[in-house]
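Open the structure in your viewer and keep the selection tool at hand. The tour goes from one selection to the next and says what is there.

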Amino acid sequence: MKPAPFAYVRPTRLADVVGELVAAEAAGGGKVLAGGQSLVPVLAMRLGRPRTLVDLTRVAELGQIGHDGGSLRIGAAVRQRHVERTAGGDVPLLAQALPWVGHREIRSRGTVCGSLAHADPSAELPAVALCLGATLDVAGPDGRRRIAAEEFFTGAMSTALGPADVLASVQFPLARAGEGAGFAEVARRHGDFALAGVAARVHLTDDGVHAADVATFGVADRPQLRSLRGPLAEAVTRHGTDPDALGRELTEPAAAMAQEAVTTTGDAHASPAYRRRLVTALTPRALARAVTASRKRAAA
Ligand SMILES: Cc1cc2nc3c(=O)[nH]c(=O)nc-3n(C[C@H](O)[C@H](O)[C@H](O)COP(=O)(O)OP(=O)(O)OC[C@H]3O[C@@H](n4cnc5c(N)ncnc54)[C@H](O)[C@@H]3O)c2cc1C
């Protein structure tokens, strides 16, 4: 199928992107176009019929990526592939998750902010944003506002963005000493959306375990964040940081977590029971990887 006819505009100022969206709203609806990797298929299948596409990739400020205080700020036009290649030292969880997003060709066009705005429940990056406590910077008709990741994702394919809002950038906190990241997912083929996945961040010092945050995705209408700090602290006290022993100790708490986290009804690909088994298996793996990474970082 071909998309329904639409007007296409490509402003060079952020204020004009918002202005075009406001004007489009009054004339039947508009949509931001970033990398087009999700929007174009939606148009081609006529699942959406916006009257106007507002391309933001010519706005210079949205193409910026760099440090901003203690965080990495990624503008709305920055492609996923660029971040994958450059963010490893700053935000390791982001760099670990990105190779799982579709295929390299898709990541060469797709943007980090586009994935967050699209809010697919099986997408990797919303879970990473939630796990790390990212902050989203939004420009809209009433000016700028900042939204915490935990308030941004409101349901399947829905966010706190209004129809004329633009997600201008996202800020991921830089990894601190003692922090480690772990990521694990299962998809039917590499590049497919996940059947279930887990993003984990731990903060571990000689004083003990200060954080063990786990964000699940692909198992509910939006990513969900839970803490396994207590079980991880107990496991580390008993077994130190040996990944195999940690994996075994964490299986039971992971199963309890999976029981609550998986709320999807089954689909053609997997039943809820299978997804619970995946979360139970993936969570200890991701946490053990995060602990190993944290020790390496502390030793470096
Ligand atoms: C074959 C294939 C496989 C894929 N596999 C995966 C996968 O495994 N995991 C995964 O996470 N994704 C996957 N994707 C989707 C891909 O990651 C997209 O790039 C991403 O979801 C959307 O980013 P985009 O920049 O292409 O956004 P677009 O397609 O341009 O836009 C997507 C939606 O977000 C809105 N939007 C985009 N940017 C903004 C903004 N800054 N402010 C407000 N609204 C905005 C648009 O209006 C639109 O509604 C896949 C895509 C394809 C085609």
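The stops below cover the domains, the contact between two of them, and the pockets. Bear in mind that this is a predicted model.

**Stop 1: the domains.** Colour residues 7–55, 64–173 and 179–295 separately; the domain assignment calls these domain 1, domain 2 and domain 3.

**Stop 2: domain 2 against domain 3.** Hide domain 1 for now. The C-alpha centres of domain 2 and domain 3 are 21 Å apart. Contact between them involves 23 residues of domain 2 and 22 residues of domain 3. Together the two domains bury about 2,000 Å² between them, and 65% of that area comes from carbon and sulfur atoms. Now select Trp 100, Leu 130 and Cys 131: they supply 28% of the area that domain 2 buries against domain 3, more than any other three residues. How many salt bridges does the rule find across this interface? The count for domain 2 and domain 3 is zero.

**Stop 3: the second largest pocket.** Select Leu 132, Ala 175, Arg 176, Glu 179 and Arg 201, which are the closest to the centre of this pocket among the 17 residues that line it. The volume of the second largest pocket is about 230 Å³. Where does this pocket lie relative to the domains? Domain 2 and domain 3 both give residues to its lining, so the pocket lies between them. Show the elements α4 (92–97), α7 (124–132), β11 (179–186) and α11 (272–299); each supplies at least two lining residues. By type, the lining has 10 nonpolar, two polar and five charged residues.

**Stop 4: the largest pocket.** The largest pocket has a volume of about 1,200 Å³. Its lining is made of 47 residues, and those closest to the centre are Ser 38, Leu 39, Gly 114, Ala 117 and His 118. Next, select β2 (30–33), α2 (39–44), α6 (112–118), β9 (158–159) and β10 (166–173), each of which supplies at least two residues of the lining. Which element gives the most to this lining? The answer is α6, with five residues. Finally, colour the lining of the largest pocket by type: 24 residues are nonpolar, 18 are polar and five are charged.

Methods:
Residues are numbered from 1 along each chain as its sequence is written. This is a predicted model: local features need pLDDT of at least 70, side-chain atom pairs count only at pLDDT 80 or more; totals for chains, interfaces and linings use all residues. Side-chain values use heavy atoms; hydrogens and water are left out. On a 1 Å grid over the protein atoms alone, a cavity is a set of points where a 1.4 Å probe fits but cannot get out, and a pocket is an open set with protein on both sides within 12 Å along at least five of seven lines; lining residues have an atom within 4 Å of a point. Grid points are joined across faces, edges and corners, and a volume is the space filled by probe spheres set on the points. Helices (H or I, at least four residues) and strands (E, at least two) are DSSP runs, numbered from the N terminus. Ala, Val, Leu, Ile, Met, Phe, Trp, Tyr, Cys and Pro count as nonpolar, Asp, Glu, Lys and Arg as charged, and the others, Gly among them, as polar. Domain bounds come from an automatic or database domain assignment. Contact means heavy atoms within 4.5 Å. Buried area is the accessible area (1.4 Å probe) that two parts lose on being put together, summed over both. A salt bridge is a side-chain nitrogen of Lys or Arg within 4 Å of a carboxyl oxygen of Asp or Glu.
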